[in-house]
Structures are given as C-alpha cells and as structure tokens.
Amino acid sequence: MRYNFKNIEKKWQKIWDEKKIFEVKDQEIGKKNYFVLEMFPYPSGMLHMGHVRNYTISDLISRYKKLQGFNVMHPIGWDSFGLPAENAAIKYKKHPKDWTLANINKMKEQLKAMGFSYDWSREITTCLENYYKWNQWIFLKLYEKGLAYRKESVVNWCNKCKTVLANEQVENGKCWRCSSEVVQKSLEQWFFKITEYQEQLLQDYEFIKDGWATRIIDMQKNWIGKSEGTTINFDINNLDENIKVFTTRVDTLYGVTYIVIAPEHEIVNKFITILLKKDNTLAKNIIDFIESVKKQTELDRNMKGKEGIFSGFYAIHPFTNKKIPIWLGNYVLATYGTGAVMAVPAHDQRDYEFAIKNNLEIKIVITPYYNDSNSKNFELKNKAFEEKGFLVNSAEFDNLKSDEAKIKITEKLIFLNKGNFTKTYRLKDWLISRQRYWGTPIPIIYCKKCGIVPIKFDDLPVKLPESVDFTGQGDSPLKYISDFVNVKCPECGNIAQRETDTMDTFVDSSWYFLRYCDSKNDSMPFSKEKTSLWMPVNQYIGGAEHACMHLLYSRFFEKVFVDLGLVDKKAIEPFTNLLNQGMVIKDGNKMSKSKGNIVDPDEMLKKYGADSSRLFILFAAPPHKDLEWNEDSIEGANRFLNRFYRLFDEIFNRKDDSLEQKRNIEQMHNSTIKKILEDYENFGYNTIIATTMEAINFLYKEKDSTNKSQLLNFISDICILISPIVPHITEEIWQKLGNKESIILSKLPVFDSKKAEKDKIIFVIQINGKIRAKYDAKKDEIQENIEKIIFADEKLKTYLENKKILKKVFIKNKLINIVVK
C-alpha cells in the first residue's frame, strides 16, 4: 500500500481543527506550562522554505514538549505593519490594509497545510486596532516615565523607502530592506530612552547565558559598547569654555598633540561666530567643510579617508599647559562619546594617519615592555604603536606600566578638577519615528499654547484613517489628511495638530509575546496574572540577524514592564532559551524574494506533502546550521515515508502471530528510544531521523521471522517518537493500531537501559598496533577467551608464528593489542 499523503494530511488537519487539539488552557492540573514561540511572520503574501524551516523547528519542539507532559502554548500572529504594504499600495493602487489582510489569509492556509500545531485562538494581527491601541498605550506609559521624548537629530534617511532608519537598520551604509544608499537628514524625532537600561541590559545576561548562544550575547554587548576610562576637560585658550574628551587610554595623555571635534559639536557655532569677525576666509572654509560632511553617512565618515580642517582655536593641556590645536574631523561623530577625541598619533593608528596627512606633531609616550635601557631608543615603524607598555616622556609618570599609570594620571586629573573616572556606552536611544502611513500613529498632539500634549488613555486608539492618497513623495500621507491632523487640544480646547509620524514596527514586535498570554483582553495590553503563568518564553526560535534590533528591544521593553509593575520580576528576561536557526541556501545565496530564488512551499506540498517537506528540512542539517536546498532530498524523504508505511501495512495485515519474540528486536527497540530521546534534548533532529531510518531498515530484515505483536509495539513507539517530525503519517498509523485519541495526547515511551545494551560487541584484534581482525564477542568477555579465538585463527597465526610476544594490551569490550618481535 502506498502512503496517500494528500488524503491523510487533509484528514488529520481537519480532525485537529475540529477537536481544537492545540488550543491550550492557561492552567491544567498536574502539568507545568511551557511557552514555545517563533518570531512571527511578516505577511508578505507567500511563505518560502526559509519560513517553513523556522516554523517546522518550533512545531517539533511544541509537539515534543506536549508528549513530555507539558501544558504547551504555541501561538501565532502577524507582524503586519511595515513599509512593503505601503509600497504595494503605491505600486498596485491597493490599500495597505486590504493587501495585508489578503496576504494573511493566504499565508494562514499555507501554515495550516504544513500541519503546524498553532493555537489559533490566540492569533494576533498588529495592524488591527485591537493590537496597535496597546502600542499607543505603552508609548504613553513610557512618556509618563520620561522614557519617550522628542528632539531634533540627524537621522539616517532612505530615499527609496522614503523613511527614517535606526542605526541598526543601516547595513554597510545601505538600507537593510532595499539596499539603497543611506543619507543624513535633520528632523524632529521621537525616541525611546533605552540608554536608561543599558547597564541592566548588560548585567542581566547572567539570567540567559546558559540558554542563548554566546555569539548573540557578544553581538549585543558590542552594540551596547560599554567602555571604562577617563573624561578629561581641555580648557580652550582665551575662551571661557572647555572640551570634554573621553578616553580609555589616559596613559597616553602626554602624547596628545591635537584635539579633533565633530563638525556638529556644540562649540563649533561659537568658533564660527568669533571667526566671522576676525578671519572671514577661515570661517567660510569651516562652513563649507561642515556642509560637505553632512553629505556623508556615518559609514563614510568612519571608513573613508580622514578629512579635517583647523578651527583656528587651541586647547590647553591639563598638565603641561601647552597649547594644542583644535581640528574639526569627519571621522569624529557627535553621537558617539563626547563628540571629541584627544589625538595621540604615536599610539592610535587613525590619529597617526591624520597627523601624517596634515603634518601634525607625533610624540612617543609609550614603549614596549622590554628593558628600560632599550625603551628610550624606541622608534615608530611607519605606524602607531597601540599596545600597552612603559610610559616615557610623561614627567613623573615615566617608567610606570600603562595600567598603573591610568589610575595615577586620573587621580591627578581629579585633584586638579580636570577629569574623572567614567563609564561610557556606544548604545544610542531608540529612534521610533517613521514618516509613513502604515504603522501605529504616535498618540501626541501639538498645541501652540500647551506644547506637547499626550492623548488621554480613554481616547485610544488614535485610528489610522482609511481614506488616504499614496504619492511616494517621502512625507507621511497622514500630513495631508486635514480631518486627521487638525484636532482640538485635550488641555485647552484650541485647534491643534496631531503628530503624523508613525512608530517603528519594531515597537510591535517588542511585546507581542506578552499579548499571546492574554490576547482577548480589551482593558489592558495584558494582565500580570496571565503573563505570570506563561512568561518568560521557554523556547524562542528565530534568526541571528535580529540580535541588535528585535531581541535587544524586547529585552528593554520587558525591563520597563517589570518596573511599571505590569510583569512579574521572574520574567525580567523575556526569552529563557534562544535557538537561532540557520538560513536556507539556494544557488549560493540566502533564499529570499529579493534574490529571486525562493521555492514555493505550495509546490512542494502538492508533489510530496507536508511530512516529506518537514522530514527533509529537519534531516538536511542541524537546526543551527545553514541548509542547502535540494529537491532530490525531499523526494528521498517521500520515498522513506512510503517505505515506513508499507512496512507497517505488511506487518499489520499479517495473520500469523505464532513466531517467538526475539532479543535483538528488544535490544534495538530500547536502544532506539534511548538514542532518540537523548537527541531531542540536544536539538539533534537530523540524527533522530537517521536513527529512525536505521530502525526501519532493521525491521525490514527481521519482519518475516519475528513476532507480529513485538514488531507492532516497536512501530507504535517509533510513531510516538517521530510524530513531532512527521505528524500526519504517524497519526494515521497510530489510529490504525487501534488508538482512539490523537497521538499528540499520548506519552513518550520509556526504555530499559539494560535491555538497550547489546549482548555482543565488535572486538578489535591488533598485532603491533595494526588492526588484523574484528570479531563478534560477548559483552564483558574475559581476556583468556579472546586469546583462545586469536590463537585458533589460521590467518592470525601467520602474524604470530616464530614471534616473541613482548606485551598484551587488553581493553575490555574494545580491543586487544599483541606486541611481538
């Protein structure tokens, strides 16, 4: 009999749906809660196999945990705001909401056809009012707490997408979504103050270090960019002003030969004002330089040639009182540190290159860690010496090692009121303003009399108007809808204007997992009572590319919610365990729409079925490794499932059951259970399938000489064990075996460790370290009996005749090595 996957898969999907098998109660007596979650999809219109891989892994974990006896929540939803829908509206003259909801319906059909075990009763859709209302509620809570604020800033702007991008969304100077060049633009923007939590974000890795990949934690740590060093105040000559500089190498202070400030530094305007009265030419040159830098992205300023101009002003060295020229440099950013650096060209390669280009002084103050007698003769070899070492040319600090000098120099700066020990962070506040329509409206009104006025909680949601024109001109279309923009001020009643920016869609995904816990709540985004039953998420699955955006933002939100009393402190980290699945590769590239190399899951389902697709995905590579697409392998998976089904059918329909039960079947049965259960715990899904294939091959050889009941018991346990991988075929066989309930409601089989051990082992015979024979031997066979076999073997006698035995090395259950001369 051939496995009719089309009929069987539809049959079981209908049964699961009708019986609501995967709908979960918040509490079930005698069961612990377990929350399995994958990063929810953007409804682009069609799944590709990259999506399917992610969801197959999470589905397997969900089903396995159910078999273990957990009360499992495995929800799904739609990350449905975002620019592609707005671009589609412009291109196809279709409203983003209509386009998005149609895509959701299509993708929902695809997900159900894969047999995924979602609790659809908890489904969320972020573009609907019953979700984005709570985005606005959260915004207002952050505003109350001083964690949401507005300021003018230079932002990353994508001309193609016509929107602002966060730093995290700029990859190598290009837009993360469309790969267009990113330029700089000055706008009034809204920010979330993630920097308020930067130290806690670092400290709390202690709670997740065992469940997250080290590389993901390291990526976040590098993004947060904590540095410990010294802040130094450099007074400006003939001005009652100073420039603050942060450095981690205060041991090089005596080597400072110039200061470089960002063109956007606040002191620059004062310099220009003074220069316009004294040196109009220099002032004009500085203005021209600033304008040229504005055209450069942050990446350009960091990666391209170091450009600069002398400001006409000098700083005063805090120890020597020597005048130090102040330069403006494109490679110094106002958004990083203090917007100024002390340049030590002898000991910083970037400063060295700038000094060589502009003919500035280079002074050695650190020498390598070798004898003092050689230190004074140290010279640079066409590059900066950036290592730690001994101090020279540094007054009373000469001959100190760098680490000791850092402390003593900072202490002197503190004494002189010229500096202090300081911690700095690279992390910047989260820019959430977007100049687009298809997103959550920011719940703010601007009143000429009252200023910035937040919407009252009772007036939420601020609804997106449905009637809108999409021009693609860059400004938000909301600006041109007078009924939306012009409103009465909630405070004074005068005519005011509504904020027309919408929120970054990462706001939607930074708390959605909490909404799953309480998706029908219409008075709060979620209740503490419900989230305390489920949070933190036990197992989260998603791509490593979200390490410094979604994952970091979610951690930030969770800590804010704990502080607001909305979430229990036990969930200070939202995700206990994180599995980053590898990519699906086709034609040498990541499978994606933009690469034009996607494979439509619908085609695979029609040709091979859901179980074959799932089996291939899980067998082709471990979950954390990249998977190379190969349709031939799906066909092979389909053949294996047919072979498994035929094996069951042959044994099940065999009438004679008079054959004896066999010990080798018992051993293979128990060892298979043992091996598969161990591999489930270690994400060894490909080896689970390999073990199953080995067991099926074994049963084919033994089926005609073994007791029917013993064979069917083995097959029954195989069905339970691999049902998380191939749920449809195993449900079908499980039912034919006479079981009334779904296989997902059964329990994992247990094994007997003693019965899992083989009665015989492969014993290796070596002569002078070379393998000369292998024997089937009884387990724990004694050396004397092994030697009898050796000396009776005619072939082995040829290696031993007329030889003197010098030594025998016997390793129980493994080998014997006879050393002869």
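This is a predicted model: local features need pLDDT of at least 70, side-chain atom pairs count only at pLDDT 80 or more; totals for chains, interfaces and linings use all residues.
Local features need pLDDT of at least 70, side-chain atom pairs count only at pLDDT 80 or more, and totals for chains, interfaces and linings use all residues. Residues are numbered from 1 along each chain as its sequence is written, and side-chain values use heavy atoms, with hydrogens and water left out.

Helices (H or I, at least four residues) and strands (E, at least two) are DSSP runs, numbered from the N terminus. Two strands pair if DSSP finds at least two bridges between them. Strands of a sheet pair through backbone hydrogen bonds, either parallel or antiparallel.

Strand β10 spans residues 227-236. β10 pairs with β18 (residues 419-424) in the antiparallel sense, over six bridges. Here isoleucine 232 has glycine 419 as its bridge partner. Six bridges also join β10 to β11 (residues 242-247), again antiparallel. Phenylalanine 234 stands opposite isoleucine 243 in β11. The hairpin of β10 and β11 has five residues between the strands, and asparagine 238 takes a positive phi near 65° there. Two bridges connect β10 with β13 (residues 308-316), in the antiparallel sense. Isoleucine 236 faces alanine 315 in β13.

An open sheet of four strands runs in the order β2-β1-β26-β27, with parallel pairing. Its edge strands are β2 (71-73) and β27 (575-579), each of which pairs on one side only. Neighbouring strands of this sheet are turned by 25° against each other on average, direction ignored. These angles run from 0 to 180 degrees between N-to-C directions, with axes fitted to C-alpha atoms. β26 (residues 537-541) and β27 share four bridges in the parallel sense. Isoleucine 541 stands opposite leucine 579 in β27.

Another open sheet has three strands in the order β29-β28-β30, with mixed pairing. β29 (589-590) and β30 (627-628) each have a single partner strand, so one side of each is left without a neighbour in the sheet. β28 (residues 584-586) and β29 pair antiparallel over two bridges.

The whole structure holds 47 salt bridges (a side-chain nitrogen of Lys or Arg within 4 Å of a carboxyl oxygen of Asp or Glu). One of them joins lysine 11 and glutamate 732, with the closest N and O atoms 2.9 Å apart. Lysine 11 lies in helix α1 (residues 5-19) and glutamate 732 in helix α24 (residues 727-736), so the pair ties together parts that are 721 residues apart in sequence. Glutamate 732 is buried, at 7% relative accessible area.

Aspartate 403 forms a salt bridge with lysine 388, the closest N and O atoms being 2.8 Å apart. Aspartate 403 belongs to helix α13, whereas lysine 388 sits in the loop between α12 (372-375) and β17 (390-391). Asp26, Asp119, Arg122, Asp518 and Lys530 are linked in a network of salt bridges.

Glutamine 667 is placed in helix α21 (residues 663-681). Glutamine 667 counts as buried, at 11% relative accessibility. Neighbours within four places in sequence aside, glutamine 667 is in contact (heavy atoms within 4.5 Å) with Lys755, Ala756, Glu757 and Lys758.

Terms used:
Buried means under 20% relative accessible area, exposed over 50%, partly exposed in between (1.4 Å probe, protein chains only).
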